[in-house]
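Please look over the sequence and the structure shown below before reading on. The report that follows takes up selected parts, chain by chain.

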Amino acid sequence: MAAAGTCGTGTRSTGSMVAAASTNNVTSFQRRGPRASGADSGCSRLVSIAGTRPSVRNGQLLVSTGLPALDQLLGGGLAVGTVLLIEEDKYNIYSPLLFKYFLAEGIVSGHALLVASAKEDPADILQKLPAPLIDDSYKKECDEDVCSHKMEPDIKMKIAWRYQLLPKMEAGPVSSSRFGHYYDISKRIPQELIETSKWHGFFLPEKISSAFNVESCSLTPGYMKLLQFIQNIIYKEGFDGSNPQKKQKNILRIGIQNLGSPLWGDDICCTENCDTSHSLTKFLYILRGLLRTSLSACIITMPTHLIQNKAVIARVTNLSDTVVGLESFIGSEKETNPLYKDYHGLIHIRQIPRLNNLIYDISDVKDLAFKLKKKLFTIEVSQEAGKVVWYSRLFNSS
Amino acid sequence: MLESLLALGGLVLLRDSVEWEGRSLLKALVKKSALCGEQVHVLGCEVSEEEFREGFDSSINNRLVYHDLFRDPLSWSKPGKALPGGPLEALRALDKRTGSGPATIALDSLSWLLHHLPCPILCQTLHALSRQDSCPGDTLPGEQVRVLGLLHEELHGPGPLGALSSLAQTEVTLSGTMGQASAHILYRRPRQRPTLQTQWFSILPDFSLELQVEPLLESQPPSDLHTPSVDPTTHLTFNLHLSKKEREAKDSLTLPFQFSSEKQQALLRPGLGQATSHIFYEPDAYDDLDQEDPDDDLDV
């Protein structure tokens with residue numbers, strides 16, 4: 001905090017008053033010098049990187065997961081250098097959405113991407129990313145969904161008339177340095193954005209040679225190749241600070257899809273006591289080491305409902321930093337439950353990391369449900385469910 | 001029903017059990033796709049070729065390309081010929097063979113392959129097989145490769161079953177009651193919610209499908225838990241709705257803190273009659289008009 005304001009306060013205040021008189025900003029105070037990323041950036045101990053912000057609790061550098069609601073639940077965002085593990089829902093419909101939001105956020109913020117998959121070609125995954133929304137159109141989407149009765153969008157405010165004097169949020173260009181953007185799932189991302197972004201793809205069937213010579217190391221060959229690829233990219237592009245000529249620091253967003261499924265060559269989903277049961281856990285351990293020493297953040301989706309050995313799931317959870325589980329109602333008895341009729345599934349925040357901190361950042365809300373509307377993926381608190389559970393516990397205990 | 005099963009493409013998983021066998025459904029699907037003019041490759045592992053071809057007429061038999069793994073799976077009789085690498089090589093050969101045009105591959109049984117190959121390798125090979133089209137999602141339905149796999153679900157644990165289900169685009173579970181076979185079909189279209197459908201059917205001797213009506217079980221009357229909901233806004237002693245005149249009056253009401261132009265004028269230019277506010281005070285008989293502080297007398 002102190003490092004930023006090194007210029008004399010006297011000169012700064014006069015400068016800012018002049019600035020306020022000339023421009024039409026919301027606040028009258030304006031920081032002199034190069035405009036830092038984000039209007040509300042706090043300390044700038046690091047050179048500020050686009051699309052990141054320091055956490056208000058412990059100063060950790062955060063990136064957005066692409067869903068502002070999820071950012072809020074995780075305590076502001078995903079910390080750089082950590083792993084976000086998404087436990088897939090049973091039919092794998094909603095977890096690819098979170099994966100795509102993460103990657104789309106990377107493209108819009110100008111970060112580098114690394115997409116690894118054994119199922120789909122990374123180029124195809126990038127083509128299907130959602131299109132970003134500018135502020136006004138998002139508010140319009142919100143209004144359309146929320147108000148069932150007709151309401152003019154520019155109704156004169158009668159009671160809170162002072163707020164009418166405030167200017168609306170500036171609809172800047174899409175590649176703004178804001179933290180957390182909104183996306184429209186029904187539209188695809190424009191081709192120009194993908195072309196201007198820097199991305200690396202890892203598609204397992206192409207990388208693994210057809211001769212299946214199983215090496216004697218304990219890591220599955222697919223995992224070994226992926227780790228080598230990630231390490232190579234981090235070193236070559238200088239995300240770990242090894243390339244001092246790079247002037248502009250950037251974040252590498254890594255996305256790994258369906259890790260642990262049989263398509264990666266791992267039989268952890270097929271048998272209970274498999275020979276390579278430590279392959280996945282070793283992979284996560286080495287990956288975490290790679291991430292901690294570089295400016296990168298990783299999202300992994302894993303079909304944990306297929307893993308037969310429950311101890312492995314516990315180990316995997318411990319080895320990841322943030323774990324979010326998705327449970328969809330399709331095919332289960334909860335689909336007909338009237339409590340959940342507005343929602344498509346439950347979202348469980350299973351673990352939040354404790355980085356440079358003594359306490360956890362867990363929010364008090366435990367009953368979170370998600371809903372996939374035509375254009376948005378929203379996370380809400382399912383209050384009725386919480387109330388009923390509380391009442392039943394109260395009456396059952398008496 | 002057969003068209004809808006074949007329409008989606010990808011891997012179609014037929015799960016059967018001892019009581020409800022699935023090979024006849026597999027043969028019905030093979031016959032249907034052969035009649036549509038496609039290439040059909042069959043990898044036979046569990047039954048002999050003659051038994052598989054039995055019941056098909058000659059036109060279909062001519063379209064069927066049969067790869068035999070039943071007679072000599074370890075290729076003892078012809079060393080170094082035909083299928084040297086065993087089942088894995090046979091699958092890979094199928095992958096390369098279906099180069100052009102729509103094709104259907106029938107795997108006679110995935111259970112046999114699961115017992116002879118490690119599950120992840122089988123999953124990867126199946127995925128490569130069903131991914132023949134270069135741009136998924138944009139190809140015409142006729143250009144896709146379909147892989148029909150017969151799986152005996154009682155032979156495997158939940159692990160391999162779950163792994164293969166997650167790969168399949170369509171999953172058919174055969175069951176039935178009272179001599180009537182039924183198929184529970186789960187369609188997993190990409191980017192859409194999966195749909196579940198139940199269809200009662202029977203297969204005729206020439207392997208064509210006949211749909212049946214669901215057999216009548218003794219149906220319990222649906223217990224009427226859903227009482228008609230009472231509208232709480234009727235029979236009220238107060239008025240909840242506003243008439244048009246009342247709504248207009250409400251809208252035109254000036255709220256106390258509303259900043260209208262009249263109020264602005266009044267504040268900017270204090271009106272003629274409202275210059276200062278006067279306080280009219282009439283002292284009582286008991287009022288003390290002494291200006292001194294009464295607390296001065298206290299001896300504290």
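B:Val12 stands opposite B:Leu148 in strand E5 of chain B. These residues belong to a predicted model, in which local features need pLDDT of at least 70, side-chain atom pairs count only at pLDDT 80 or more, and totals for chains, interfaces and linings use all residues, while side-chain values use heavy atoms, with hydrogens and water left out. Residues are numbered from 1 along each chain as its sequence is written, and chains are lettered from A and ligands numbered from 1 in the order in which they are written.

E1(B) and E5(B) pair in the parallel sense over seven bridges, where two strands pair if DSSP finds at least two bridges between them. Helices (H or I, at least four residues) and strands (E, at least two) are DSSP runs, numbered from the N terminus. E1(B) also pairs with E6(B), again in the parallel sense, over four bridges, and there B:Thr173 of E6(B) is the bridge partner of B:Arg15. E1(B) is mostly covered, with seven of its seven residues buried; buried means under 20% relative accessible area, exposed over 50%, and partly exposed in between, with a 1.4 Å probe and protein chains only.

## The whole sheet of chain B

The strands of chain B form an open sheet of nine strands in the order E3-E2-E4-E5-E1-E6-E7-E8-E9, with mixed pairing. Strand E3 (64–68) and strand E9 (209–212) of chain B stand at the edges, each with a single partner strand, so one side of each is left without a neighbour in the sheet. On average, and with direction ignored, neighbouring strands of this sheet are turned by 25° against each other.

Chain B as a whole has 10 helices and nine strands, and 39% of its 300 residues count as buried. Among the contacts in chain B with a separation of 6 or more, 64% come from residues 24 or more positions apart, contact meaning heavy atoms within 4.5 Å.

## Helices on the sheet of chain B

Helix H2 (residues 23–35) of chain B lies across several strands, including E1, E2 and E3, and runs at about 170° to E5(B). Helix H7(B) also packs on the sheet, touching E1, E4 and E5 of chain B, and its direction makes about 150° with that of E5(B). For these angles, axes are lines fitted to C-alpha atoms, for helices over the stretch in contact, and the angles run from 0 to 180 degrees between N-to-C directions.

B:Thr125 is found in helix H7 (residues 119–130) of chain B, and at 9% relative accessibility B:Thr125 counts as buried. Its side chain reaches the backbone oxygen of B:Ile121 at 2.6 Å. Not counting residues up to four places away in sequence, B:Thr125 touches B:Leu88 and B:Leu91.

## Helix packing in chain A

In chain A, helix H8 (residues 221–237) and H9(A) pack at an angle of about 5°, with their axes 10 Å apart. The two helices are therefore roughly parallel to each other, a term for angles under 35 degrees, with over 145 counted as roughly antiparallel, 65 to 115 as roughly perpendicular and the rest as oblique. Among the residues that meet are A:Leu226 and A:Ile230 in H8(A) and A:Phe283 and A:Leu287 in H9(A). By class, this contact has 10 nonpolar, two polar and no charged residues; Ala, Val, Leu, Ile, Met, Phe, Trp, Tyr, Cys and Pro count as nonpolar, Asp, Glu, Lys and Arg as charged, and the others, Gly among them, as polar.

The axes of helix H9 (residues 279–292) and helix H10 (residues 310–319) of chain A come within 10 Å and cross at roughly 0°, and that makes H9(A) roughly parallel to H10(A). The residues in this contact include A:Tyr285 and A:Arg288 of H9(A) and A:Arg315 and A:Leu319 of H10(A).

## A buried serine in chain A

A:Ser294 is found in the loop between H9 and strand E10 (296–302) of chain A, and at 8% relative accessibility A:Ser294 counts as buried. The side chain of A:Ser294 makes a polar contact with the side chain of A:Ser296 at 2.7 Å; a polar contact is a pair of N or O atoms within 3.5 Å, where, within protein, one must be able to donate a hydrogen and the other to accept it, and residues adjacent in sequence count only if both atoms are side-chain atoms. A polar atom of the A:Ser294 side chain also lies 3.0 Å from the backbone oxygen of A:Leu290.
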